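Me: Hi! I would like to learn how the words used for a protein model follow from the numbers. Could you go through them with me?

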Amino acid sequence: MQTACVTEVLQRCVEYHGHFCIGQALGVRIALKGLELAAPEGEKDLIVFVENDRCIADAVLMATGTRLGRRTLKYVDYGKMAATFVNLAQDIAWRVGLQPFELGDSSKDEAKEMVLSMPDEELLSWRKVRVRLKKEDLPGKPLRVVTCVRCGERIFDGKDAMDETGAGPVCVSCLHGAYYDPED
């Protein structure tokens with residue numbers, strides 16, 4: 001691994017995230033391995049699925065240039081320190097995660113340095129995977145916009161469903177319950 005590359009990417013991540021933590025170090029290592037394996041030729045060739053909403057997510061975003069708002073960074077709530085890197089042009093994908101490893105009695109600073117210096121084979125695991133992307137999941141303008149028959153809000157890109165009576169389109173929050181409760 002090229003130390004200068006890791007140092008440069010890590011610096012950008014720390015500036016964005018606000019501090020240097022082990023999650024940043026792990027996220028940078030995962031992202032750089034994912035980029036190496038997927039080998040996208042440009043930004044438009046890459047979609048990354050990040051599997052938790054902790055420090056790794058910021059590191060992957062900064063290291064890869066992917067963004068949630070551009071639909072090139074996808075969040076899947078698995079709570080795992082892993083990410084999948086999809087090369088759209090070559091139709092290949094690699095999932096990169098962590099090997100089980102022990103930090104022992106290391107201090108936080110020692111642990112971060114250990115993570116940055118460990119060989120890929122000791123720190124990371126990776127495997128080729130298949131990711132089933134729908135046209136609605138790809139970057140670009142919305143392919144379909146409908147209005148929920150219950151709440152009247154607009155739903156983008158096929159994220160709607162039919163309810164048990166066959167009425168629809170219905171948004172996910174109306175169908176399964178929202179993460180929020182309205183206060184009237």
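Me: How many disulfides does the structure hold?

Reply: The structure holds zero disulfides. The term needs a pair of cysteine sulfur atoms within 2.5 Å. Before we go on, this is a predicted model, in which local features need pLDDT of at least 70 and side-chain atom pairs count only at pLDDT 80 or more, while totals for chains, interfaces and linings use all residues. Residues are numbered from 1 along each chain as its sequence is written, and side-chain values use heavy atoms, with hydrogens and water left out.

Me: How do you know that Cys55 is in no disulfide?

Reply: For Cys55, the nearest cysteine sulfur is that of Cys21, 3.5 Å away, and the cut-off is 2.5 Å. Cys151 is in no disulfide either: the nearest cysteine sulfur, that of Cys148, is 3.8 Å away.

Me: Why is Cys55 called partly exposed?

Reply: Its relative accessible area is 21%. Buried means under 20%, exposed means over 50%, and partly exposed is in between (1.4 Å probe, protein chains only), so Cys55 counts as partly exposed. Cys151, at 36%, is partly exposed as well.

Me: What makes the aromatic pair edge-to-face?

Reply: A search of the whole structure finds one aromatic pair. The ring centres of Tyr179 and Tyr180 are 5.0 Å apart and their planes stand at 80°, so this pair is edge-to-face. Rings of Phe, Tyr and Trp (its six-membered ring) pair if their centres lie within 6.5 Å; planes under 30 degrees apart are stacked, those over 60 are edge-to-face, and the rest are tilted. Tyr179 counts as exposed at 81% relative accessibility, and Tyr180 is partly exposed at 40%.

Me: Which residue has its charged end over the ring of Trp126?

Reply: That is Lys33, whose charged end is 4.2 Å from the ring centre. The rule asks for NZ of Lys or CZ of Arg within 6 Å of the ring centre and within 35 degrees of the ring normal.

Me: Why are β2 and β5 said to stand at the edges of the sheet?

Reply: The open sheet has five strands in the order β2-β1-β3-β4-β5, with mixed pairing. β2 (73-75) and β5 (124-129) each have a single partner strand, so one side of each is left without a neighbour in the sheet. Two strands pair if DSSP finds at least two bridges between them. Helices (H or I, at least four residues) and strands (E, at least two) are DSSP runs, numbered from the N terminus.

Me: How do you know that β1 and β3 pair?

Reply: Five bridges join β1 (residues 46-50) to β3 (residues 83-87), and at least two are needed. The two strands run antiparallel.

Me: What makes α3 largely enclosed?

Reply: Seven of the 10 residues of α3 are buried, so the rest of the structure largely encloses this helix. Among the buried residues are Ile56, Val60 and Leu61. Helix α3 (residues 55-64) lies across β1, β2 and β3, at about 170° to β1. Such angles run from 0 to 180 degrees between N-to-C directions, with axes fitted to C-alpha atoms, for helices over the stretch in contact; contact means heavy atoms within 4.5 Å. Just after α3, Gly65 takes a positive phi of about 80°.
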